[in-house]
Amino acid sequence: MNDSNQSLGLDATDLRILELLQQDASGSNQDLAQQAHVSPATCLRRVKRLVNSGIIERRVALLSPEKLGAGLSAIVEITLDRQGAEHLQAFEARVLGEAAVQQCYQVTPGPDFVLILQVPDMPAYQALVLRLFTQDANVRNVKAFFSVRRGKFEPRIALPKA
């Protein structure tokens, strides 16, 4: 077992459970235990420990944006005029309250933030731009990229080998 696994207290069974949950977290504890080759009680105890330790942040359903009318994906770079801690925090707090913002990263070098947005269409994107960026005197530059095709979306972490 490598050092990062030991420092987190992860063994081969924990890693197997995590891998199975990344593939599909919708099954019952009984199903997960069977696939992980452990008893249901052991499985439940380990999953609770992984949740309590913060390794499992949450379990969610991944929805189809296209089928639900949110088919426009945008990757947006934001550069602020002033980058003091209070300005960065104020901008981040404002965008985090917006449902269309799926992901928000403060980055360096280059722009100050990269946002992943999911909106129904271009008018909805334009309304969001007016609301979040245009009316903010501290936003210096907005550079948007619009997805024409998603080649891969795999929200999983490559787990180390035990």
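**Entry 1: helices and strands**

I counted six helices and four strands in the protein. Helices here are DSSP runs of H or I with at least four residues, strands are runs of E with at least two, and both are numbered from the N terminus. Reading along the sequence, I wrote down the pattern α-α-α-α-β-α-β-β-α-β.

A note to myself on the source: this is a predicted model, where local features need pLDDT of at least 70, side-chain atom pairs count only at pLDDT 80 or more, and totals for chains, interfaces and linings use all residues. Residues are numbered from 1 along each chain as its sequence is written, and side-chain values use heavy atoms, with hydrogens and water left out.

**Entry 2: overall shape**

I looked up the radius of gyration and found 20 Å, while a compact globule of 162 residues would be near 15 Å. That radius is taken over C-alpha atoms, and the globule rule is 2.2 Å times the number of residues to the power 0.38. Along the principal axes, the C-alpha atoms fill a box of roughly 55 × 40 × 25 Å.

Next I checked burial: 30% of the 162 residues count as buried. Buried means under 20% relative accessible area, exposed means over 50%, and partly exposed is in between, with a 1.4 Å probe and protein chains only.

Then I turned to contacts (heavy atoms within 4.5 Å). Among those with a separation of 6 or more, 65% are between residues 24 or more positions apart.

**Entry 3: the largest pocket**

I needed the meaning of a pocket before going on. On a 1 Å grid over the protein atoms alone, with a 1.4 Å probe, a pocket is an open set of points with protein on both sides within 12 Å along at least five of seven lines; lining residues have an atom within 4 Å of a point. Points are joined across faces, edges and corners, and the volume is the space filled by probe spheres set on them.

The largest pocket holds about 1,800 Å³ of space. It has 47 lining residues, and the closest to its centre are Val 60, Leu 62, Phe 153, Pro 155 and Arg 156. Which helix gives the most to this lining? I found helix 2, with four residues. By class, I noted 25 nonpolar, 12 polar and 10 charged residues in the lining. Ala, Val, Leu, Ile, Met, Phe, Trp, Tyr, Cys and Pro count as nonpolar, Asp, Glu, Lys and Arg as charged, and the others, Gly among them, as polar.

**Entry 4: the second largest pocket**

This pocket has a volume of about 260 Å³. Its lining has 18 residues, with Leu 21, Ala 25, Gly 27, Ser 28 and Leu 32 nearest its centre. Helix 4 (40-52) gives the most to the lining, with five residues. I sorted the lining into eight nonpolar, six polar and four charged residues.

**Entry 5: cysteines**

I searched the whole structure for disulfides (pairs of cysteine sulfur atoms within 2.5 Å) and found zero. Cys 43 is buried at 0% relative accessible area, and Cys 104 is partly exposed at 22%.

Most residues other than glycine have a negative phi, and most peptide bonds are trans. His 37 has a positive phi of about 65° although it is not a glycine. I located His 37 in the loop between helix 3 and helix 4; it is exposed, at 66% relative accessible area.

The peptide bond from Thr 108 to Pro 109 is cis, with omega near -10°. I placed Pro 109 in the loop between strand 2 and strand 3.
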